[in-house]
Amino acid sequence: MDENSRVVVQGITGREGTFHALQMLTYGTEVAAGVTPGKGGQNVEGVPVFNTVREAMEEEGVNVSCIFVPPFAAADAIMEGVSEGLDVIVCITEGIPTLDMVKVAGFLEHKKAVLIGPNCPGIISPGKTKVGIMPGPIHKPGNIGVLSRSGTLTYEVVDQLTRAGLGQSTCIGIGGDPIIGTTFIDHLKRFKEDSETKGVILIGEIGGSAEEEAAEYIQREFEKPVIAFIAGRTAPPGRRMGHAGAIVSGGKGKAEDKISALESAGITVARNLGSLGETALETMGQT
Amino acid sequence: MVCLNELPIPYKGSIMKLHEYQAKSLFRRFGIPVPEGDVAASIRDAAAVADKLHGPPWVVKAQIHAGGRGKGGGVQVVHSPDELREASEAILSRPLITKQTGSKGKKVHKLLIEQGVEIQQELYLAMAIDRNMARPVMIFSQAGGMDIEEVAEESPERVFREFVHPELGWMPFQGRCLAYRMSPLPQPETLKELTVLMARLHKAFTTLDCSLAEINPLIITKNGNVMAIDAKIDIDDNALFRQKELSTYDDPTEKDPLEQRAEEYDLNYIRLEGNIGAMVNGAGLAMATMDVIKLAGAEPANFLDVGGGASEEMVTKGLEIILEDKRVKAVLINIFGGILRCDVLARGVLTAAEKIDIRVPLIVRLEGTNVDQGRKILEDSSLEFRVARDMAEAAGLVAEQVSG
């Protein structure tokens, strides 16, 4: 995905779809089309609206999608994009039923489309393009890659980086749901090959085992410097919202387990969010 | 309990827990055998239910959303109507304390009264979602009636799993693969019942949008029949829009009153033990803010994620709910505007301040979309508050509140 990507906004006529289509246009993203079934022929902020992704591809040659479709129809919208052969699909929608995402994940196997999210802020290459909902002005072009499971926490971190004078190559929110399209590792592999990215900030949180797996991968084959932060260290274990699937990954999910996995892989873990920018500057200031 | 990482994952769209009696009535509907029985809300009800059942013996089971009921005295086998009355009274009259309720325990409002069953063998069976595989998984073990987390940790070779193919669904061979792991093997009829039950559990799991459907123990009776004598179902909150009937199964008496009110306004609020209230947008930032409060030497009074697209009204209600907790000595508002714009936040805070007399210090940290408008709205008002320019400063101001 780059500044030549042509973006279709699925759900463009909704409140959030319209607002963020405009924000993306303002940032310089090539928003070439919108899709809302039944509203083909209209336009939103000068962007032509089509009834189907197929029409948007035929007429406007779009290759990237940003989805704002409501939860009950979002899985269908993702699969439409995948079926039509889009390269990248960014799904912002929060609240998709898990069993719908099971179907999506199964459908994505052996397909070329890359899914980012759902329940994520999207992806931005500062100064070039953004496909998502993050506030553009807090970003600054540079050499740090940012990967996160969170939304606003990512903005917080990016803001600190920018204030510390550290620009970003690409920032990706992978999504906060139990089942997501692409993982930390998928994106680390791209950062590894990306000459513009000299170091990576990884923002995790409690639950699941994505951070432990990332740590393993980084130790094995990722040579650029990495700083991690884990949210939820003080979350009280008394409040149980069981994630039974975790039985398979053998009891991972606690912040301390994640931090020790990351540290034993040689990754700097910032304990204090307030000084993350400074920590990054110390470790990556020279890159 | 199958939950190996029982941690609060307070992102929106978590789970709705069902009571055992609700789960069992759903099981019946899917052809999963459960003991005869019914729910009772009083000692008299309990006697009336038992009257219609064979027995004694009967089993009296406290209906609360917490595990470990047996050890806490919430499950009792009774052998006469007198014992039934005593057990019902004992359970209904005082809070039940289990390893999951906390030291204060939980008030029991309902009992499940069941016919006793003769148990030959206890097994474990559950279906859950495996995040990494992105598939439902059936989990089976002969170590029934035990803490499955411990079994999985100490002797993983005793826990078997089969993943459900997203397009194929559950296949009969998968049931055989699990059932034929048993040693010694039960009678062929029993094995058949077991594999049929697995298929039905899968059917229930997918039809009802479960996050977890767990039977511990699943038993083999003296007659060689399989039966679910316990049942635990968690429903995926995000799917409630298409599970209208299940929405009515929600039990408000299980929740903290403030949490219940927050839920009505679609706010993600969890009440905690400390005295620093916090209002944040986004679950990740909210958790990180709690961490910062704790690092500053204070204790958070709550987790509150007002959400990405919060309205002015939601902000107002959020602040009201925080302040209703009388333990709160200061409030930290930490907003990084994205979809939620800072001016909307500021107006919501002011509306709350008009309605209620805010007697505790407010620390406000705003950043992101429309931050200048948001700050101006607050500054132009008569509201007293302290401004924190960043997280580090917010932490410092929180620390001041604690020491002062």
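Q: What do S6(B) and S7(B) form?
A: S6(B) and S7(B) form a hairpin, with four residues between them. In the turn, Ala134(B) has a positive phi of about 55°. Strands here are DSSP runs of E with at least two residues, helices are runs of H or I with at least four residues, and both are numbered from the N terminus.

Q: Before we go on, what kind of model is this, and how is it numbered?
A: This is a predicted model, in which local features need pLDDT of at least 70, side-chain atom pairs count only at pLDDT 80 or more, and totals for chains, interfaces and linings use all residues. Residues are numbered from 1 along each chain as its sequence is written, while chains are lettered from A and ligands numbered from 1 in the order in which they are written.

Q: Which strand is joined to S7(B) by five bridges?
A: That is strand S8 (residues 159–163) of chain B, which runs antiparallel to S7(B). Met138(B) stands opposite Glu162(B) in S8(B).

Q: Why is S7(B) largely enclosed?
A: Five of the seven residues of strand S7 (residues 135–141) of chain B are buried, so S7(B) is largely enclosed by the rest of the structure. A residue is buried if 20 or more other C-beta atoms lie within 10 Å of its own, exposed if 12 or fewer, and partly exposed in between, with C-beta atoms placed from the backbone.

Q: And chain B as a whole, how many residues and what share buried?
A: Chain B has 404 residues, and 51% of them count as buried. Its secondary structure comes to 13 helices and 17 strands. The C-alpha atoms of chain B fill a box of roughly 80 × 50 × 40 Å along the principal axes.

Q: Which domains is chain B divided into?
A: Chain B has domain 1 (1–34 + 118–253), domain 2 (36–116) and domain 3 (255–403). The bounds come from an automatic or database domain assignment. The centres of domain 1 of chain B and domain 3 of chain B, taken over C-alpha atoms, are 40 Å apart.

Q: What about the four-strand sheet in chain B, what is its order?
A: The order is S2-S5-S3-S4 (chain B), in an open sheet with antiparallel pairing. Strand S2 (37–40) and strand S4 (75–78) of chain B stand at the edges with a single partner strand each, so one side of each is left without a neighbour in the sheet.

Q: How many bridges join S3 to S4 there?
A: Four bridges join strand S3 (residues 58–62) of chain B to S4(B), and they run antiparallel. Val60(B) stands opposite Gln76(B) in S4(B).

Q: Which helix packs on that sheet?
A: H3(B) does, touching S3, S4 and S5 of chain B. Contact requires C-beta atoms, placed from the backbone, within 7 Å. The direction of H3(B) makes about 5° with that of S3(B); such angles run from 0 to 180 degrees between N-to-C directions, and axes are lines fitted to C-alpha atoms, for helices over the stretch in contact.

Q: Where is Lys99(B)?
A: Lys99(B) is in the loop between helix H3 (81–93) and strand S5 (111–115) of chain B. Lys99(B) counts as partly exposed because it has 13 C-beta neighbours inside 10 Å.

Q: Switching to chain A. What is the order of the seven-strand sheet?
A: The order is S9-S8-S11-S10-S12-S13-S14 (chain A), an open sheet with mixed pairing. The edge strands are strand S9 (129–132) and strand S14 (268–269) of chain A, and each pairs on one side only.

Q: Do S12 and S13 run parallel or antiparallel?
A: Strand S12 (residues 199–205) of chain A and strand S13 (residues 226–231) of chain A run parallel, joined by six bridges. Ile201(A) stands opposite Ile227(A) in S13(A).

Q: Which strands does helix H8 lie across?
A: Helix H8 (residues 255–264) of chain A lies across S12, S13 and S14 of chain A, running at about 175° to S13(A).

Key. Two strands pair if DSSP finds at least two bridges between them. Two residues are in contact if their C-beta atoms, placed from the backbone, lie within 7 Å.
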